[in-house]
Amino acid sequence: MHSALSIAATLLVLTAAFSYVNHRYLRWPTTIGVMAIALILSLVIVGLDALGISSPRGQERALLSSINFTDVLMEGMLSIL
């Protein structure tokens, strides 16, 4: 089972990588660039699933099903506030 800290760390690393790609190549406003890159990555994963390559989608489902939303929200994210 993934802890709230490892999920937050993964999201932070992905956001930093997306932000770097946006700053280096796209040069869009940060919020728009990061969201556009995340949308493109999501569409690529859905496209791979449609082509029969379901490994990334299976990993996504395993990660999402391992998250206890109440614990992550109450003990992880809201405790920072």
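Tutor: We begin with what a helix is here: a DSSP run of H or I that is at least four residues long, numbered from the N terminus. L5 is found in such a run, helix α1. Keep in mind that the model is predicted.

Student: Why is L5 called exposed?

Tutor: Exposed means over 50% relative accessible area. L5 has 68%, so L5 is exposed.

Student: What makes a residue a contact of N22, and which residues are they, leaving aside neighbours within four places in sequence?

Tutor: Contact means heavy atoms within 4.5 Å. With those neighbours left aside, N22 is in contact with R27, W28, P29, T30, G33 and I37.

Student: R27 is on that list. Where is R27 found, and is R27 buried or exposed?

Tutor: R27 is found in the loop between α1 and α2. Its relative accessibility is 63%, so R27 counts as exposed. Its phi is near 60°, which is a positive value in a residue other than glycine.

Student: What makes T31 exposed?

Tutor: T31 lies in helix α2. Its relative accessible area is 66%; the cut-off is over 50%, so T31 is exposed.

Student: Why is L48 called partly exposed?

Tutor: Partly exposed is the range between buried, under 20%, and exposed, over 50%. L48 has 26% relative accessibility, so L48 counts as partly exposed. L48 also lies in helix α2. Not counting residues up to four places away in sequence, L48 touches I53 and P56. From L48 to I7 the C-alpha distance is 23 Å, and the two are 41 residues apart in sequence.

Student: What makes a group of residues a nonpolar patch, and which residues form this one?

Tutor: A patch takes residues with over 30% relative accessible area and no salt bridge, and nonpolar side chains are joined within 5 Å. Here Y20, V21, Y25, L26, W28 and I32 form the patch, with about 640 Å² of accessible area together. Helix α1 gives the most to the patch, four residues, while I32 lies in helix α2, residues 30–50.

Student: How do you know that a residue lines the largest pocket, and how many residues do?

Tutor: A lining residue has an atom within 4 Å of a point of the pocket. The largest pocket has 18 lining residues, and L11, L14, E60, L63 and L64 lie nearest its centre. The elements giving two or more residues to this lining are α1, α2, α3 (55–66) and α4 (69–80). The largest share, seven residues, comes from α1.

Student: What is the volume of the largest pocket?

Tutor: The volume is about 560 Å³.

Terms used
Residues are numbered from 1 along each chain as its sequence is written. This is a predicted model: local features need pLDDT of at least 70, side-chain atom pairs count only at pLDDT 80 or more; totals for chains, interfaces and linings use all residues. Side-chain values use heavy atoms; hydrogens and water are left out. Patches are made of residues with over 30% relative accessible area and no salt bridge: like charges are joined within 9 Å, nonpolar side chains (Val, Leu, Ile, Met, Phe, Trp, Tyr) within 5 Å. Accessible areas come from the Shrake-Rupley method with a 1.4 Å probe; for residues, only the protein chains shown count as cover. A salt bridge is a side-chain nitrogen of Lys or Arg within 4 Å of a carboxyl oxygen of Asp or Glu. Buried means under 20% relative accessible area, exposed over 50%, partly exposed in between (1.4 Å probe, protein chains only). On a 1 Å grid over the protein atoms alone, a cavity is a set of points where a 1.4 Å probe fits but cannot get out, and a pocket is an open set with protein on both sides within 12 Å along at least five of seven lines; lining residues have an atom within 4 Å of a point. Grid points are joined across faces, edges and corners, and a volume is the space filled by probe spheres set on the points.
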